[in-house]
Amino acid sequence: QVQLVESGGGLVQPGGSLRLSCAASGRTFSVYNLGWFRQARGKEREFVAGINWSGNSSYYADSVKGRFTISRDNAKNTVYLQMNSLKSEDTAVYFCNVITSIQAGVPYGSWGQGTQVTVAS
């Protein structure tokens with residue numbers, strides 16, 4: 001079982017950028033497909049982006065396509081989410097998790113604390 005810890009959130013103005021990190025423990029990090037999710041206040045958690053175990057295939061929700069980029073560094077046991085051109089509707093708590101496939105984005109690991117992203121002027 002891999003344990004995941006998210007970081008990198010904060011307050012940013014509309015149009016700004018942030019890079020989130022998700023650090024994993026465990027020696028088998030590189031075998032997992034990984035995804036980023038977010039949950040805005042009062043809304044259900046949604047799948048934002050996924051990356052396969054090798055990092056050569058990714059998937060994005062329509063709401064973030066062209067603005068967010070998911071990547072991973074298996075040597076550092078870390079997955080990243082680069083978020084550009086942020087909008088107020090991107091405000092949410094962001095989580096990472098292991099997923100069944102990058103298209104389905106079904107999480108099956110434990111949820112961490114997440115990291116808060118607030119987009120406001």
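This is a predicted model: local features need pLDDT of at least 70, side-chain atom pairs count only at pLDDT 80 or more; totals for chains, interfaces and linings use all residues.
Q: Which cysteines form the disulfide?

A: Cysteine 22 and cysteine 96, with their sulfur atoms 1.8 Å apart. Cysteine 22 is in strand 3 (residues 18-25) and cysteine 96 is in strand 9 (residues 92-99), so the pair ties together parts that are 74 residues apart in sequence. Strands here are DSSP runs of E with at least two residues, numbered from the N terminus.

Q: Is that disulfide right-handed or left-handed?

A: Right-handed, because the torsion about the S-S bond of cysteine 22 and cysteine 96 is about 60°.

Q: And are cysteine 22 and cysteine 96 buried or exposed?

A: Both cysteine 22 and cysteine 96 are buried. Buried means under 20% relative accessible area, exposed means over 50%, and partly exposed is in between (1.4 Å probe, protein chains only).

Q: What about the rest of strand 9, how many of its residues are buried?

A: Seven of the eight residues in strand 9 are buried, which leaves that strand mostly covered.

Q: How many bridges join strand 4 to strand 9?

A: Seven, and the two strands run antiparallel. Glycine 35, for instance, has asparagine 97 in strand 9 as its bridge partner. Two strands count as paired if DSSP finds at least two bridges between them. Strand 9 is also joined to strand 10 (residues 115-119) by three bridges, again antiparallel.

Q: Switching topic: where does arginine 41 lie?

A: In the loop between strand 4 (33-39) and strand 5 (46-51). Arginine 41 has 86% relative accessibility, so it counts as exposed.

Q: What do strand 4 and strand 5 form?

A: They form a hairpin with six residues between them, and glycine 42 in the turn has a positive phi of about 80°.

Q: Which residue takes a positive phi in the hairpin of strand 5 and strand 6?

A: Glycine 55, near 90°, in a hairpin with six residues between the strands. Strand 5 and strand 6 (residues 58-60) run antiparallel, joined by three bridges, and isoleucine 51 has serine 58 as its partner in strand 6.

Conventions: Residues are numbered from 1 along each chain as its sequence is written. Side-chain values use heavy atoms; hydrogens and water are left out. A disulfide is a pair of cysteine sulfur atoms within 2.5 Å. Helices (H or I, at least four residues) and strands (E, at least two) are DSSP runs, numbered from the N terminus.
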